[in-house]
Each structure stands twice: as C-alpha cells, then as structure tokens.
Amino acid sequence: MNKKKLGLLPKILIAILLGIAVGSFSPEWLVAGLATFSGLFGNFLGFAIPLIIIGFIAPGIGELGRGAGRLLGMTTGIAYVSSIIGGMLAFLAATLLYPYILEAGSLTQSFSNPEEALLAPYFTVDMPPVFGVMTALLLAFTLGLGAAVIKGQALQNVMVDFRAIVEKLIASVIIPLLPYHIFCVFANLTYGGQVTMILSVFIKVFVMIIVLHILYLVIQYVVAGQIGRKNPFTLLKNMIPAYFTAIGTQSSAATIPVTLRQTKLNGVKGKVADFVIPLCATIHLSGSTITLVSCSMAVMVLTGMPITFGSMFPFILMLGVTMVAAPGVPGGAVMAALGLLESMLGFDTTLTSLMIALYIAQDSFGTATNVTGDGAIAIITDRMSKSEPA
C-alpha cells in the first residue's frame, strides 16, 4: 500500500509546535546545538538565494519573451498590475491597522541584539554567496531579456537546465530540511521567551490577511464583471470550487484543471481559457503578494524597523516581477522573495526564517486567492481580445 506523504504545511506546523515544546524545557546546551544547525542551514540558504533568483527568473523571462502575439503581453501585463495592486492594498491596510493591533518595537531587543535573548550556535561555517542579491537580479534580467532578443536556443537551454538543477536543490535539500530549520528557530525563540508574543500577534495578522484576500477577490471580480458585462458575484460563485481545491492542493499548477473548468463555465472562450489559466498559474500571485507584504511589514513594525512608502513601493514592484519565479516549488513565493527581503528591506537570517514560517502557515489561502483571481484575469483578457481589430 502506498503511504500518503505528509505535506509541507503540516510538517511546518508540527515543527513549530515541537519547537515551542522543546524550547520550553530543554537545557541550554541542547538549544545551542539546535541553534548550530539552524545557523548552518541559514548560511546555506543565503548561499542559495542568488542561485534561486537566476535559476528561476532568467529562463522565465526568456520564455515569456519568446511567446507569440498580443495575448501573452496582455495577460502578463494584467497579471503584473493585479499583483502590484494587491501589494498596495496590503500596504494601505497595514499602514492603517498595524498601529492599533501591533505594539511597535515590541521585539526590538530580541532581534536587534539576538545574543541577549537567543542562544548563539556552538560554531558557524561561512558560506558566502557567489554574488549579491541585487547582482543576481540584474544578471537574471540581463540573461533573460538577452535570450529573448537574440532568439538563440543555446543560452535558453542552459538557463532551463540550470533551473532544473535549482529546482532539484530546493526539492531535495532545502524543502526537506526546512521543517527542521523552523523547529530549531522556534525552539530558540521559545527559550528566549519571545514565541508567545510572536504567535499571539500573528494570529491578528493572519485574520487581516484572509480578509484582504476575500476583499481583493471581490474587487477583481467587480472589475472583471464590469469589463465582461457579467454579474461579478455569479462569476465569483462559480470559482468557489477552484478556491477550495487550491486550499487542499496548495498548488496553483495542481488546481489548473478545476480552475480551467470553472473559468469556461463563466463564459470565457476555450482558446483564451486554455492559454490564460496555465500562464497565470505561473505569473499571477496577487494573494501571495498580499501575504508577503503584510507579514514583512508586521515583522518590521515589531522589530522597530522604519517603514516608508519610498521603501515599500519599490519592494512591491520588484516582488511582482520576482513572483514569476515562485510557483515551481512548495512555498515557492516566499523562497523567491527571500532575496528582496534581505536586499531591499534589510532582513537578517532570523527574520527571513520567521517570514518563511509565517508565510507557509497560511500558504494555502494565498494559493487559493491566486488561482481564483486567475479566472478574473481570463474574463478581462477574453473581453479585451474580442475588442481588438482582426
């Protein structure tokens, strides 16, 4: 008999609970040992982040650039704008609500001076990345756009093969070790007396995120209904099966058959739906963008980091582009965003580890919002393609 494998989300939740339990009663030497593993894994993750950026973004841009016709450009543009609007909605909501639901700077001492609250590892191994995150982003854009412009197969094939290597690295090394890393981080946080505050605060943040997801889906379908001249709430009701399927699968790609069926039920032409839905499963992550912006701003508020529109708006713009890389792996959105969190928002290893745990804990709801929104984009694209001259 085939045993059903435990998914990433249950593993992360179990890791968090075990970390809290172990950190509550373990001696200092044991927690320091766990901190050693966590430190080694965090350093390796830092080494891998630039490789992940190049491995995903470069071939993705190259493949998009090779696509034919206006339909590709139209769909990609709408998906990108949708993700940016989702990020701005999250920024606005966080700006208005966080002063009331979060205590600014409540974790400042723990994370600005971790040695005072968190145990240091027994030893560390320096694993410097080949190049910095911003260099990786620029190189990825240069290679991807260059491959699209020259229309050569050799460079694109190399980038696709490199993507396969990076995907294998994530699937075989990073993802299997990630629950152990989260376990060690939460054990250390619990030992330092910070985990109760973190969990109580982020329950409020999670509620806000889910409300934002639902609100943004309503906005997307009101716009799609206006453009497509259809009842937006009927359209949204028809997409409910895709929403709940995505909660179960935690994968945009695995939900494509259901999303496709419900999108056609909404009256989208088969040819348009067959093109837009698989493409948007790769490039449209408005729900994930809402989650990442909300969680990152919450971490910044709690740790006393400055938040300005000038710092968050470029982050959201880059996040929309980086999300193209995200869905290929479990929890891929937060993996693809790690480089931006470090380079643009100044997150360190502990904060990025916290972000990974917080994001994956509600990943299924973000994925459900992504795929449900794909149906709205298909309706808009279908209507706009009808209005184009033959």
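The following questions and answers concern a predicted model of a protein chain.

Reader: How many helices and how many strands are there in the protein?

Author: The secondary structure of this predicted model is counted over the protein.

Reader: What percentage of the residues in the protein is buried?

Author: A residue is called buried when its relative accessible area is under 20%. The protein has 390 residues, and the buried share of them is 51%.

Reader: What share of the contacts with a separation of 6 or more comes from residues 24 or more positions apart?

Author: This share concerns contacts in the protein with a separation of 6 or more. Residues 24 or more positions apart account for 85%.

Reader: How are helices α11 and α12 oriented to each other: roughly parallel, roughly antiparallel, roughly perpendicular or oblique?

Author: Helix α11 covers residues 256-265 and helix α12 covers residues 270-283; their axes come within 10 Å and cross at roughly 140°. Angles over 145 degrees count as roughly antiparallel and those from 65 to 115 as roughly perpendicular. The crossing is right-handed. The two helices are therefore oblique.

Reader: Which residues of α12 make the contact with α11?

Author: From α11, the contact uses I256, T259, L260, T263 and K264. By class, the contact has six nonpolar, three polar and two charged residues. The residues on the side of α12 are G270, A273, D274, I277, P278 and A281.

Reader: Which residues of α11 are buried?

Author: Buried residues have a relative accessible area under 20%. K264 has a relative accessible area of 37% and therefore counts as partly exposed. The buried residues of α11 are V258, T259, L260, Q262 and T263.

Reader: Which residue forms a salt bridge with K264?

Author: Side chains of opposite charge can pair when their charged atoms come close. The closest N and O atoms of the pair are 3.0 Å apart, and the pair joins helix α11 to helix α12 across ten residues of the chain.

Reader: Is D382, which forms a salt bridge with K269, buried or exposed?

Author: The closest N and O atoms of D382 and K269 are 2.9 Å apart. D382 lies in helix α17 (residues 363-387) and K269 in the loop between α11 and α12, 113 residues apart. K269 is partly exposed, at 34% relative accessibility. D382 has a relative accessible area of 3%, so this residue is buried.

Reader: Which residues does T291 touch, leaving out those up to four places away in sequence?

Author: T291 belongs to helix α13, residues 286-302. With a relative accessible area of 0%, T291 is buried. Beyond its sequence neighbours, T291 touches I209, H213, Y359 and Q362.

Reader: How many nonpolar residues are in the contact of α13 with α16?

Author: The axes of α13 and helix α16 (residues 349-361) come within 10 Å and cross at roughly 135°, which makes α13 oblique to α16. The crossing is right-handed. From α13 the contact takes S288, T291, L292, C295, S296 and V299, and from α16 it takes L351, L354, M355, L358 and Y359. Three of these residues are polar, none is charged, and the nonpolar ones number eight.

Reader: Is the crossing of α7 and α16 left-handed or right-handed?

Author: Helix α7 spans residues 153-191, and its axis comes within 10 Å of that of α16, crossing at roughly 115°. The helices are therefore roughly perpendicular to each other. The crossing of α7 and α16 is left-handed.

Reader: Which residues of α16 meet α7?

Author: The residues of α7 in this contact are L178, H181, I182, V185 and F186. By class, the contact divides into eight nonpolar, two polar and no charged residues. The residues of α16 are S353, L354, I356, A357 and I360.

Reader: What separates the C-alpha atoms of S311 and M344?

Author: S311 is found in helix α14, residues 309-322. At 22% relative accessibility, S311 counts as partly exposed. S311 and M344 are 33 residues apart along the chain, and their C-alpha atoms are separated by 7.5 Å.

How values were computed. Residues are numbered from 1 along each chain as its sequence is written. This is a predicted model: local features need pLDDT of at least 70, side-chain atom pairs count only at pLDDT 80 or more; totals for chains, interfaces and linings use all residues. Side-chain values use heavy atoms; hydrogens and water are left out. Axes are lines fitted to C-alpha atoms, for helices over the stretch in contact, and angles run from 0 to 180 degrees between N-to-C directions. Helices (H or I, at least four residues) and strands (E, at least two) are DSSP runs, numbered from the N terminus. Angles under 35 degrees count as roughly parallel, over 145 as roughly antiparallel, 65 to 115 as roughly perpendicular and the rest as oblique. A crossing is left-handed if the near helix is turned anticlockwise from the far one by less than a right angle, and right-handed if clockwise. Contact means heavy atoms within 4.5 Å. Ala, Val, Leu, Ile, Met, Phe, Trp, Tyr, Cys and Pro count as nonpolar, Asp, Glu, Lys and Arg as charged, and the others, Gly among them, as polar. A salt bridge is a side-chain nitrogen of Lys or Arg within 4 Å of a carboxyl oxygen of Asp or Glu. Buried means under 20% relative accessible area, exposed over 50%, partly exposed in between (1.4 Å probe, protein chains only).
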